[in-house]
Amino acid sequence: MINVLLAEDQSMVRGALAALLNMEENIRVVAQVEDGKAALEYLNRTHSETDAIDIVLTDIEMPNITGIELAEVLAEKFPELRTVIVTTFGRAGYIRRALAAGVYGFILKDAPSEILAEVLYKAMAGKKTIDPELAIAALDDKDPLSDKERKALRLAGSGKKTAEIANDLCLSEGTVRNYLSEAISKLNATNRIDAARIARQKGWL
């Protein structure tokens, strides 16, 4: 039996994915959570129990902790877990970061429904499933942002002021300005909002 933790912020999509997977004889959705932060809290609380999770199936664009950030933390903290991403967006930046985090599958939500279970079975067998065209696109698109620039830019793109970003990231306002200035320069943007827009379109946030 493959035990799955499902992280998806849209409740209707989350319920539909869980129902679809629970129809499989050898797959069981053990828990459903609304974002990456809740997924980590669940794993920290329960992962040593008998019904330990085998696969974390996660969306990317979620509040608090994104699916990509979740995959990066899982690779470090729970390396025995296998992460599979199911998303609406096949952006090169997302795929590149997902590959770097060692995910076992990257599926678009418009893929045929039978593909999802197939990818999970392959993941348990140690095989990775990434659409070849998406993988090639990712190789041609290098993310220029550092992790700190990315976090500052994401908060700026959500409308937060410098002082609020500094508070959220436990940094000085001057440091935040430097990160945002670097990001704007790297992306040839006109301002922080424009930089956030460009980075989001590329899948770098």
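Colleague: How many residues of domain 1 are in contact with how many residues of domain 2?

Modeller: This is a predicted model. In it, 7 residues of domain 1 are in contact with 6 residues of domain 2. Contact here means heavy atoms within 4.5 Å. Domain 1 covers 2-139 and domain 2 covers 147-202. Their C-alpha centres lie 28 Å apart.

Colleague: What area do domain 1 and domain 2 bury between them?

Modeller: About 460 Å², with 34% of it on carbon and sulfur atoms. On the side of domain 1, Glu69, Arg91 and Arg97 supply 72% of the area buried against domain 2.

Colleague: Why is the pairing of Arg154 and Glu69 called a salt bridge?

Modeller: Set the distance against the rule. A side-chain nitrogen of Arg must lie within 4 Å of a carboxyl oxygen of Glu. The side chains of Arg154 and Glu69 meet at 2.7 Å, N to O. That is within the cut-off, so the pair is a salt bridge. Across the interface of the two domains the rule finds 1 salt bridge.

Colleague: How many residue pairs are in polar contact across the interface of domain 1 and domain 2?

Modeller: The rule finds 3, with both residues of each pair at pLDDT 80 or more.

Colleague: Which helix gives the largest share of the side of domain 1 that touches domain 2?

Modeller: Helix α4, residues 92-100, with 4 residues. By class, that side of domain 1 has 2 nonpolar, 2 polar and 3 charged residues.

How values were computed. Residues numbered from 1 in each chain as written. Predicted model: local features only at pLDDT ≥ 70, side-chain atom pairs only at ≥ 80, totals over all residues. Heavy atoms only, no water. Domains from an automatic or database assignment. Buried area = accessible area lost by both parts, 1.4 Å probe. Polar contact = N/O pair within 3.5 Å; in protein donor to acceptor, adjacent residues only side chain to side chain. Helix = DSSP H or I, 4+ residues; strand = E, 2+ residues; numbered from the N terminus. Nonpolar A, V, L, I, M, F, W, Y, C, P; charged D, E, K, R; others polar.
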